[in-house]
Amino acid sequence: MSAYKVAVLPGDGIGQEVTVQSRRVLEAAGGRFGVAFRFTEALCGGAACDAVGEPLPRETLDLCRASDAGLFGAVGGPKWDGLPKEKRPEQAILGLRKSLNLFANLRPAVMFGPLVDASSLKPEVVRGLDLLVVREGVGDIYFGQPRGIERLPDGNERAVDTMVYTTPEIRRILKVGFELARVRRKRVCSVDKENVLDNSRLWRRVATGVGREYPDVELSHMYVDNAAMQLIRNPLHFDVIVTGNMFGDILSDAASMLTGSIGMLASANLNETGFGLYEPVHGTAPDIMGQDKANPIAAVMSTAMLCRYTLKRADMADAIEAAVARALEEGYRTPDIFTPGTKRVGCKEMGDRIVQCVGGSK
Ligand code: IPM
Ligand code: MG
């Protein structure tokens, strides 16, 4: 039996702790379903800056290119905040997305029943939540040229970032959204700022055109400011949200809090070849790192996405998601989702319980 090659890039802070658990869960699922994995670990982020002086070493990129999928932890931390931009840990994830052309960033926000009380919103507003943010990952103001800070003759400074999208870039991400909507509730909400930005005028025109190719899927358009409001006011309204890189960054953080904690939100960064880099949406949480307090569920749910999108093994993905649901139903909670009457556990114990549930043991 040939093994799937998985690159493991824990990065910094709690990225280290949560990837230990997610890898264990993936192995346990593999054991149950007869799927073998070969894991290879590599440096990225601040850890790589410290070891080799750059956030995304060549070997790490080569390893990803030679792998079927990657498990990414998180990068960054106060220690590296003073570094010049190109040396900052964040360049690791941005560089991976750009170099591997991971243009489709899928961020599902799903409410697990037992956690309705952990959300900052009222239970009736979030119960049953199941939405998917499809964020474009390699374009927009994140990567547009020109950019930079220049000094003006009068001694002041001027900063420029360029928001740019081409028709094919908009088209391909919209198509991802429509395809996914087809196997969900068949509704796409395209988010833009068409009342102000030319970029968004093009976005909306292309989205409307792609929408005609999917007559079975309902397309709506929403301004990003309104979308931010509706996410908090009536999140159950949404099925699939498709949007650009910058708006998607912001809206996906907002969506994550609906589920109770950003520690619950998984994501996939996909390209056209089937390769995927799977990462929890949360960051490095330096305040709790190394204390066994991190919530591994986002990282674990990312491995379910790996099974679903790279391995095309919905059965394994379902089993991992069911194991997480089971651990929550049994009352296990990391501190970020703890509510009185539940059982407070650390990152490792939460991982242990999910591993047991995935393996089919009681
Ligand atoms: C995310 C993060 C990254 C982003 C940072 C770490 C560069 O916020 O994945 O949402 O802005 O894309
Ligand atoms: Mg973000």
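1. The protein chain splits into domain 1 (1-105 + 265-362) and domain 2 (130-258), with bounds that come from an automatic or database domain assignment. The centres of the two domains, taken over C-alpha atoms, are 25 Å apart. Keep in mind that this is a predicted model: local features need pLDDT of at least 70, side-chain atom pairs count only at pLDDT 80 or more, and totals for chains, interfaces and linings use all residues. Residues are numbered from 1 along each chain as its sequence is written, chains are lettered from A and ligands numbered from 1 in the order in which they are written, and side-chain values use heavy atoms, with hydrogens and water left out.

2. On to the interface. Here 13 residues of domain 1 are in contact with 16 residues of domain 2 (contact means heavy atoms within 4.5 Å). Between them the domains bury about 1300 Å², 61% of it on carbon and sulfur atoms; buried area is the accessible area (1.4 Å probe) that two parts lose on being put together, summed over both. On the domain 1 side, Lys-98, Phe-103 and Asn-105 lose the most area to domain 2, together 43% of what that side buries.

3. What about polar links across the interface? Three residue pairs are in polar contact, both residues at pLDDT 80 or more. A polar contact is a pair of N or O atoms within 3.5 Å; within protein, one must be able to donate a hydrogen and the other to accept it, and residues adjacent in sequence count only if both atoms are side-chain atoms. Helix H4 (90-99) and strand E4 (104-110) each supply at least two residues of the domain 1 side that touches domain 2, and H4 gives the most, with three residues. Helices (H or I, at least four residues) and strands (E, at least two) are DSSP runs, numbered from the N terminus.

4. Now Gln-230, which sits in helix H8 (residues 224-233). Gln-230 counts as buried because its relative accessibility is 14%, and buried means under 20% relative accessible area (1.4 Å probe, protein chains only). Its side chain makes a polar contact with the side chain of Arg-233 (2.8 Å). Leaving aside neighbours within four places in sequence, Gln-230 is in contact with Met-222, Pro-235 and Phe-238.

5. Last, Met-264, in the loop between helix H9 (245-258) and strand E11 (266-270). Met-264 is buried too, at a relative accessible area of 6%. Not counting residues up to four places away in sequence, Met-264 touches a set of residues including Phe-112, Leu-115, Ile-297 and Leu-328. Met-264 and Ile-297 are 33 residues apart in sequence but 5.4 Å apart in space, C-alpha to C-alpha.

Technical notes:
Buried < 20%, exposed > 50% of the residue type's maximum accessible area, 1.4 Å probe, protein only.
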